[in-house]
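Welcome! Take a moment to turn the model around on your screen, and then let us walk through it together.

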Amino acid sequence: MPAYVIVGAQWGDEGKGKIIDYLSEKAHVVARYSGGNNAGHTVINEKGEFRLHLVPAGIFWPHTTCLIGNGVVVDAEVLWKEMEELRAKDVDVSRLQISDKAHLIMPYHIALDKLEEQARGNKALGTTSRGVGPAYVDKAGRSGIRLGDILDHPSLLPRLQHVLEQKNFLITRLYNAEPFSLEELYERCIQWGERLSPYIHAVENTARRALAENKVILLEGAQGSLLDLDHGTYPYVTSSSPTAGGACTGLGLSPMAIAGIFGVYKAYTTRVGAGPFPTELSDSVGEAIRQKAWEYGATTGRARRCGWFDAVAARYSATVNGLTSALLTRLDVLDGIDPVKVCVAYRLNGKTITEFPSSAAVLEKCQPVYEQTPGWKGSTANVTSLDDIPEGALRYVKRLEELIGCRIDVISTGPRRPETVCIRSPIP
Ligand code: IMP
């Protein structure tokens with residue numbers, strides 16, 4: 001014992017990569033538990049700038065074992081490329097283990113993701129087109145191919161044949177698109193198996209052994225809590241469970257192993273893709289935030305929608321996850337912006353509400369109620385001590401803390417590890 005979970009507490013892109021890398025100093029094991037290569041975790045260090053889509057962001061510390069849990073869906077091509085890029089920059093990936101229970105994103109999943117989005121027309125979700133949704137559909141539908149399956153050649157072929165017949169039927173008859181060849185897919189699976197076999201393990205055993213030896217495990221969430229399949233703004237969500245509950249099923253750990261849950265919040269809000277976003281700024285302030293923070297997707301390059309901090313959503317997320325600690329990123333982006341606004345409630349049908357609605361259609365109708373504070377003088381960029389944070393910025397942080405209902409223990413003031421103010425270490 002113990003294990004700690006790190007979740008994105010908004011709509012993703014909160015800066016989890018930097019935070020996970022920072023906290024991994026104290027971890028023996030770092031494990032991704034959900035999502036796929038729809039995620040893009042940015043880490044900048046002496047070896048370069050990395051955008052990790054599948055490999056846990058703890059990989060840069062030589063003492064860590066990094067796991068990809070059963071809850072993750074894996075595009076084997078993307079994973080292999082990422083591993084090669086890391087190797088080329090002298091990062092040791094021999095410490096990586098991938099769950100034999102993790103499901104593969106197959107080429108037909110990527111095709112279906114795109115075809116389904118096209119078919120949705122103006123109701124498109126704005127997915128990352130990485131095949132993540134269709135791969136989870138097959139997992140739940142018991143038609144998925146797992147990493148372990150590509151090591152077992154005799155049973156793989158008939159299984160793939162059966163699944164592909166159904167997929168090709170859908171692809172050709174419903175969408176009028178090109179079918180996939182069984183032989184080609186089978187060959188690809190064999191190649192993936194050959195490359196990845198040294199890394200494929202029953203990773204839950206590695207995790208459980210680490211706990212038994214009293215080692216620290218960090219469970220790395222991807223996406224954000226408001227994109228959670230159950231608790232997010234359905235249907236404008238991803239197809240996995242980024243919230244803390246997903247961490248236990250996504251790695252095969254008992255909830256009793258979890259000693260703390262850390263939520264990463266950005267000092268403002270962003271969202272990629274479609275769906276309600278009450279505090280969205282479609283004006284020059286939103287554009288200024290986008291440009292200053294370079295709010296463009298690490299995976300797709302899409303411009304992120306930007307807006308003020310939404311404390312109603314933030315408090316909801318703290319509650320859903322049972323946060324024990326909040327970590328705030330990108331405070332420096334608000335330096336020089338005056339005034340700074342925070343959404344403290346919504347107006348809905350003439351009433352003021354402070355509960356986050358469970359329906360996206362209702363959230364769409366909510367108007368933000370703002371509290372306004374003057375901007376602060378001075379800069380928070382690259383600051384490493386609480387004493388050097390301007391008073392106004394500190395007041396903003398304290399107010400967010402009250403509104404979220406959870407202590408803010410860490411403030412990130414830049415993309416590099418040292419650019420961090422640690423008020424209280426979330427990991428004792
Ligand atoms: P999917 O996960 O590709 O199916 O996309 C579903 C929704 O989740 C879309 O709105 C995506 O933009 C969003 N999404 C998926 N992954 C991320 C992420 O890592 N950061 C932010 N948004 C994401």
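Which residue is the bridge partner of Ile6 in E11? The partner is Phe262. Before going further, please note that this is a predicted model, in which local features need pLDDT of at least 70 and side-chain atom pairs count only at pLDDT 80 or more, while totals for chains, interfaces and linings use all residues. Residues are numbered from 1 along each chain as its sequence is written, and side-chain values use heavy atoms, with hydrogens and water left out.

**The sheet**

Strands (E, at least two residues) and helices (H or I, at least four) are DSSP runs, numbered from the N terminus. Two strands pair if DSSP finds at least two bridges between them.

Ten strands build an open sheet with mixed pairing, and their order is E9-E7-E5-E2-E10-E1-E11-E15-E19-E20. At its edges are E9 (200-201) and E20 (420-422), each of which pairs on one side only.

Look now at E10, residues 217-220. E10 pairs in the parallel sense with E1 (residues 3-8) over four bridges, and Val5 has Leu219 as its bridge partner there.

Are the faces of E10 covered or open? Both are covered: Ile217 and Leu219 on one side, and Leu218 and Glu220 on the other, are all buried. Buried means under 20% relative accessible area, exposed means over 50%, and partly exposed lies in between (1.4 Å probe, protein chains only).

**From E10 to H8**

Ser225 sits in the loop between E10 and helix H8 (244-251). Why does Ser225 count as buried? Ser225 counts as buried because its relative accessibility is 2%. Leaving aside neighbours within four places in sequence, Ser225 is in contact (heavy atoms within 4.5 Å) with several residues, including Val7, Gly8, His231, Thr243 and Asn321.

H8 itself is mostly covered, with six of its eight residues buried. The buried ones are Ala244, Gly246, Ala247, Cys248, Gly250 and Leu251. After H8 comes Gly252, with a positive phi near 85°.

**A hairpin**

E3 (residues 41-45) and E4 (residues 48-52) pair in the antiparallel sense over five bridges. They form a hairpin with two residues between them, and His41 has Leu52 in E4 as its bridge partner.

**The ligand**

Around the ligand there are 15 residues, and Asp13, Asn38, Thr128, Thr238 and Arg302 come nearest. Here a residue is near if one of its heavy atoms lies within 4 Å. The shell divides into six nonpolar, seven polar and two charged residues. In this grouping Ala, Val, Leu, Ile, Met, Phe, Trp, Tyr, Cys and Pro count as nonpolar, Asp, Glu, Lys and Arg as charged, and the others, Gly among them, as polar.

| Residue | Ligand atom | Distance |
|---|---|---|
| Asp13 | nitrogen | 3.1 Å |
| Asn38 | oxygen | 2.9 Å |
| Thr238 | oxygen | 2.6 Å |

Taken alone, the ligand exposes 460 Å², and the protein buries 96% of that (Shrake-Rupley method, 1.4 Å probe).

How values were computed: Polar contact = N/O pair within 3.5 Å; in protein donor to acceptor, adjacent residues only side chain to side chain.
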